[in-house]
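Hi everyone, thanks for coming. I'll take you through one structure today, and I'd like you to keep it open while I talk. Have a look at it now.

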Amino acid sequence: MNSGRCSACRYLRRRCPPDCIFSPYFPSNNPQRFVSIHRIYGASNVAKLLQQLPTHLRAEAADSLYFEAQCRVEDPVYGCVGLIFLLQQQLHNAESQLAKTQAEIAVLKSQAQHPQTQQVEAEPEFNNFLQQQLDNAADLNFSNQGSSGFM
Amino acid sequence: MGGNSPCASCKLLRRRCAKDCIFAPYFPSDDPHKFAIVHKVFGASNVSKMLQELPVQQRADAVSSLVYEANARVRDPVYGCVGAISYLQNQVSQLQMQLAVAQAEILCIQVQQEPMAPTPQLDQDDKSFLLHNNVGLPHHHQYLNLANSSSNVIQDSLKRESIFGDMVS
């Protein structure tokens with residue numbers, strides 16, 4: 001009766017019924033998985049959440065809950081939201097760099113089309129144009145930075 | 001004793017709001033939804049424990065991130081915040097790909113402008129090939145291999161090219 005309990009029922013010190021909501025997703029060979037989830041969400045919240053989902057989606061839900069719980073254990077202040085902020089920052093940096101690079105391409109192509117303007121010291125207007133292209137790229141505003149607009 | 005109105009947490013939990021209530025500074029009575037959603041996902045006692053384990057100056061940020069996560073989980077009960085992480089990871093990968101293509105294009109243009117060098121060019125097909133075939137972007141949500149319970153999830157996520165490995169279920 002006590003053998004073959006899932007890690008959740010072992011942790012909760014209870015009998016593991018045949019229709020245990022936890023057992024498909026919290027096998028006995030990985031006790032740490034349920035410990036993290038229990039610490040952050042609690043057993044009844046996780047059970048409720050899983051019960052409200054169709055069976056074929058529960059495994060993914062259990063995985064994502066574990067991921068978030070682990071993030072929260074490692075970073076008790078920000079949890080996985082800290083990772084989201086960092087990714088948003090990376091996204092912003094990549095967008096800036098891409099815009100700058102595309103502006104450089106535009107300038108180089110323009111140079112190639114008008115070879116007489118290549119001596120930039122002699123052409124202050126062209127020099128200003130180049131600087132403006134690069135400044136515009138650096139000043140681009142990304143409306144979704146720091147917000148939850150993607151949610 | 002009961003002079004001030006109870007905070008949103010104590011109202012929902014139907015209990016007396018003590019002067020040193022741990023929730024009161026972060027869950028004012030004019031925003032009942034905020035505590036309701038956090039309670040629904042994490043549970044009041046878990047939130048209380050988490051806050052108690054943090055220094056006071058970090059609790060406001062912790063509450064904000066818990067509210068954010070709870071909202072994400074309610075909107076997407078299967079993936080929660082991890083859906084957003086997956087989306088952002090894909091966006092960053094795609095932009096990095098585009099950046100690599102753009103940088104290659106600059107090199108080509110610069111080489112073109114050399115009078116003696118041959119003239120390689122990146123045409124539309126080359127760009128398309130680089131964009132769509134270079135990196136295997138995940139087509140669906142995949143998760144970090146969490147079988148090793150001692151792994152540092154956040155550090156590994158930032159170091160890896162993609163934070164999602166094969167799902168272990």
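Let's start with one arginine: R73(B) counts as buried, with a relative accessibility of 3%. Buried here means under 20% relative accessible area, exposed means over 50%, and partly exposed is in between, using a 1.4 Å probe and protein chains only.

Before I go on, some housekeeping. This is a predicted model, where local features need pLDDT of at least 70 and side-chain atom pairs count only at pLDDT 80 or more, while totals for chains, interfaces and linings use all residues. Residues are numbered from 1 along each chain as its sequence is written, chains are lettered from A and ligands numbered from 1 in the order in which they are written, and side-chain values use heavy atoms, leaving out hydrogens and water.

Back to our arginine. What does R73(B) form a salt bridge with? The partner is E68(A), and the closest N and O atoms are 3.0 Å apart. By salt bridge I mean a side-chain nitrogen of Lys or Arg within 4 Å of a carboxyl oxygen of Asp or Glu. R73(B) sits in helix α4 of chain B and E68(A) in helix α4 of chain A, so this pair joins two chains. The glutamate, E68(A), is buried as well, at 1% relative accessible area.

Now look for R72(A), which makes a salt bridge with E69(B), at 2.8 Å between the closest N and O atoms. This pair also crosses between chains, going from helix α4 of chain A to helix α4 of chain B. R72(A) is buried at 2%, and E69(B) is buried at 1%.

Over all chains, the count is 4 salt bridges, and I'll show you one more. E105(B) and K109(A) meet through their side chains, 3.1 Å from N to O. E105(B) is in helix α5 of chain B, residues 81-113, and K109(A) is in helix α5 of chain A, residues 80-113, so here too the pair joins two chains.

Okay, on to the greasy parts. Nonpolar side chains tend to be buried together in soluble globular proteins. A nonpolar core, for us, is a set of buried Ala, Val, Leu, Ile, Met, Phe, Trp, Tyr and Cys residues joined through side-chain atoms within 4.5 Å. The largest one has 51 residues, and F22(A), F26(A), Y41(A), F23(B), F27(B) and F42(B) have the most contacts inside it. Helices α1, α2, α3 and α4 of chain A and of chain B each supply at least two residues of this core. There's also a second, separate core of 25 residues, including L108(A) and Y68(B).

Zoom in on F27(B). Leaving out residues up to four places away in sequence, F27(B) touches several others, among them C7(B), F35(B), V38(B) and V67(B). Contact means heavy atoms within 4.5 Å.

Last, chain B as a whole. How many helices and strands are there in chain B? There are 7 helices and 0 strands; these are DSSP runs, with helices being H or I of at least four residues and strands being E of at least two, numbered from the N terminus. Of the 169 residues in chain B, 41% count as buried.
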